Amino acid sequence: MKIAIVGAGAAGLMAAATIHEHNPKAEVFLIEKNNGLGKKVIISGGGRCNVTTGLRDIREVLSKYPRGGKFLNSVMRRFPPEAVYDWFEAHGVPLKIEDDLRAFPLSNDGHDIVGAFERLFDGSNVRVWLNRHVVKIEKQGSGYRVSFKDGETLDVERVILTTGGQAFRHTGSTGDGYAFAESLGHSVTALAPSLNSFFTKESWPKDVSGLSFEKARLRTRFEKAYEFTGPFLFTHRGVSGPAVFALSSLVAFETYDAARPMRLLIDIFPDLSEEALIKKIETLLQAHGKKLLGTILDFLMSKSLADVVCRELQLDAHTRAAEVSKKEMRRLAAWLKSIPLSVVGRGAGDEFVTAGGVDLADVDPRTMESKISPGLYFAGEILDIDGFTGGFNLQASWAAGRAAGESASEGM
Ligand SMILES: Cc1cc2nc3c(=O)[nH]c(=O)nc-3n(C[C@H](O)[C@H](O)[C@H](O)COP(=O)(O)OP(=O)(O)OC[C@H]3O[C@@H](n4cnc5c(N)ncnc54)[C@H](O)[C@@H]3O)c2cc1C
C-alpha cells in the first residue's frame, strides 16, 4: 500500500515517522515543495523551536487552543507533551524546559528537531520527495491521484494532507491544502491571521519601543469582552509579546482597522488595585516632597514611559512632588491601570499561525480521517485548530500527525 503525505512540516514529518515506526514496510511518499524538510519548524521559536510545552495537565493544555481544543482531546491524550518530549529525546535530541514552561532542544537549534526525522528516514521506506509541488489531488477509484506542477502524477491508496496554514508564506505554507480539501468535498471555515502583534493609531509607543513588562493585563471589548494577562512589550509601531499574541488569537475573527479601531486597555500594575496604586504614588510623593514629579515617576516606571505619561496627561514633570494634587494622582493611577491605545491593524504577514481551516465537523477526531472521503487524512495547521504561543501549535501538529500516521497505516 502506498501513502502520500503532502507537506513535510511538523505534522507531515510526524505522520511519516509514525508510519515508518508502526509499519516499516509501508511505502510512504513524503512530498514537499521546498528544497528541504520542515522549513517553518526550523525557524520557529526564533530559530530555537519551542517544540512543545512543559505543561502536563491535558485539560490545561487543551485550554490553550481558542479553536480546536475539544477536537484535540483524543489525540492529545495519546501523544501528550511529555510523550513528544520523550520521543525527541529517544530520537537523539535532548530537550529542556525553561522557567516559562516552554520546551526547546538543549542546543537551542531548530535544525536538530528536523535532523531527528532526517536520520530516521535515511535508508527507510519513507521516500522524501523535495522540490515537488502538488497542484491537484483527485479521487481515483478507491485511492487518490496526486498531480505535480511538472505534469507528473502519483497514484496512492491513502493521502495525508499536511500542507499547513498560510502564515509566513515564504516558508512554503501558502494555503494550497485548503483548495485540495475543498475539491475533495470538505468545507474550509473563515480564515484569519492569529498570533500577531498590533499596530496602534497612537505613535507614542515608538518612544518606549522595547520596553517590556513581565506581566500586564490587556483588555478589549467587541460584543464580547476579551482579556489576557502575560508578558507584554511596546514596539516602534504598537504592542507585542505573548499577551498580545494571545489576545490577537482571541480576537482573530473580530473586525478592527483604521476606520474601526480596537480599543485596547493595558494595565501595567495588574497585581495592584487602583486604590493601592494611588496610595503607592501618594506615599512616594509625600516621602520625596521636594523632588520633581518626573523624578518620582522614575521610581515607578522607566524614564521613557514617565515622559509619555506626563505628555499624555499634560502633567508638568517639573512640578514639586508636594504640589501634585490628589486629583492628579488619581488620573495618573487610572491611566497606568488602563493605558488606552487604538489598535488599527495587525503586523501584516508577521502572524505565526492561521486561525480557521478545514472544518472539524467532517474529520474523525480519533483517526484524523475524513468523514467524507475515506483514505484521506488531515493533520496540523490546515485544520481549524490554533493555539497560543508556548509550543501549543507544534504540539497539536505532532499529536494529530501521529494519529493520522497510525490510522493511515492501519490494515496494511
Ligand atoms: C515565525 C514562526 C514561529 C513559530 N514558532 C512556533 C513555536 O516556537 N512553537 C510552536 O508550537 N509553534 C510555532 N509556530 C507555529 C508552527 O510552526 C506551525 O503551527 C506548524 O509548523 C504547523 O505545522 P504543519 O505541519 O501543519 O505546517 P507547516 O509546518 O507549515 O508545513 C507545511 C508544509 O507543506 C508544504 N506545502 C504546502 N503546500 C504544498 C504543496 N502544494 N505541495 C507540496 N508541499 C506543500 C510547505 O512547503 C510546508 O513545508 C511558529 C510559526 C511561525 C510562522
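A residue is called buried here if 20 or more other C-beta atoms lie within 10 Å of its own, exposed if 12 or fewer do, and partly exposed in between, with the C-beta atoms placed from the backbone. The structure is a predicted model, in which local features need pLDDT of at least 70 and side-chain atom pairs count only at pLDDT 80 or more, while totals for chains, interfaces and linings use all residues. Residues are numbered from 1 along each chain as its sequence is written.

**The chain as a whole**

- The chain contains 13 helices and 19 strands, where helices (H or I, at least four residues) and strands (E, at least two) are DSSP runs numbered from the N terminus.
- Of its 412 residues, 48% count as buried, and the C-alpha trace spans about 85 × 45 × 35 Å along the principal axes.
- Two residues are in contact if their C-beta atoms, placed from the backbone, lie within 7 Å; among contacts between residues at least 6 apart in sequence, 74% join residues at least 24 apart.

- In helix 11, which runs over residues 303-313, the buried residues are L305, A306, V308 and V309. They lie on the same side of helix 11 because they cover an arc of only 160° around the axis, the arc being that of the directions from the helix axis to the C-beta atoms.
- These buried residues of helix 11 pack against helix 10 (293-300) and helix 12 (326-337).
- C310 also belongs to helix 11, but C310 counts as partly exposed because it has 18 C-beta neighbours inside 10 Å.
- Leaving aside residues up to four places away in sequence, C310 touches G294, L315 and A317; C310 and G294 are 16 residues apart in sequence, and their C-alpha atoms are 8.0 Å apart in space.
- Just after helix 11, Q314 takes a positive phi of about 50°.

**Helix 1 against helix 6**

- Two packed helices are described by the angle between their axes and the distance between the axes.
- The axes of helix 1 (residues 10-22) and helix 6 (residues 111-121) come within 10 Å and cross at roughly 35°; axes are lines fitted to C-alpha atoms, for helices over the stretch in contact, and angles run from 0 to 180 degrees between N-to-C directions.
- The contact is made by L13, A16, A17 and H20 of helix 1 together with F117, L120 and F121 of helix 6.
- By class, this contact of helix 1 with helix 6 has six nonpolar, one polar and no charged residues, where Ala, Val, Leu, Ile, Met, Phe, Trp, Tyr, Cys and Pro count as nonpolar, Asp, Glu, Lys and Arg as charged, and the others, Gly among them, as polar.

**Strand 13 and its partners**

- Strand 13 (residues 212-221) pairs with strand 14 (residues 225-234) in the antiparallel sense over eight bridges, and two strands are said to pair if DSSP finds at least two bridges between them.
- Strand 13 and strand 14 form a hairpin with three residues between them.
- Strand 13 also pairs in the antiparallel sense with strand 16 (residues 262-267), over three bridges.
- R217 stands opposite T229 in strand 14 and opposite D267 in strand 16.

**Loop residues with positive phi**

- L195, in the loop between strand 11 (192-194) and strand 12 (198-200), is a residue other than glycine with a positive phi near 60°.
- M368, in the loop between strand 18 (353-355) and strand 19 (376-378), is a residue other than glycine with a positive phi near 70°.
- L195 counts as buried because 26 other C-beta atoms lie within 10 Å, and M368 counts as buried because it has 31 C-beta neighbours inside 10 Å.
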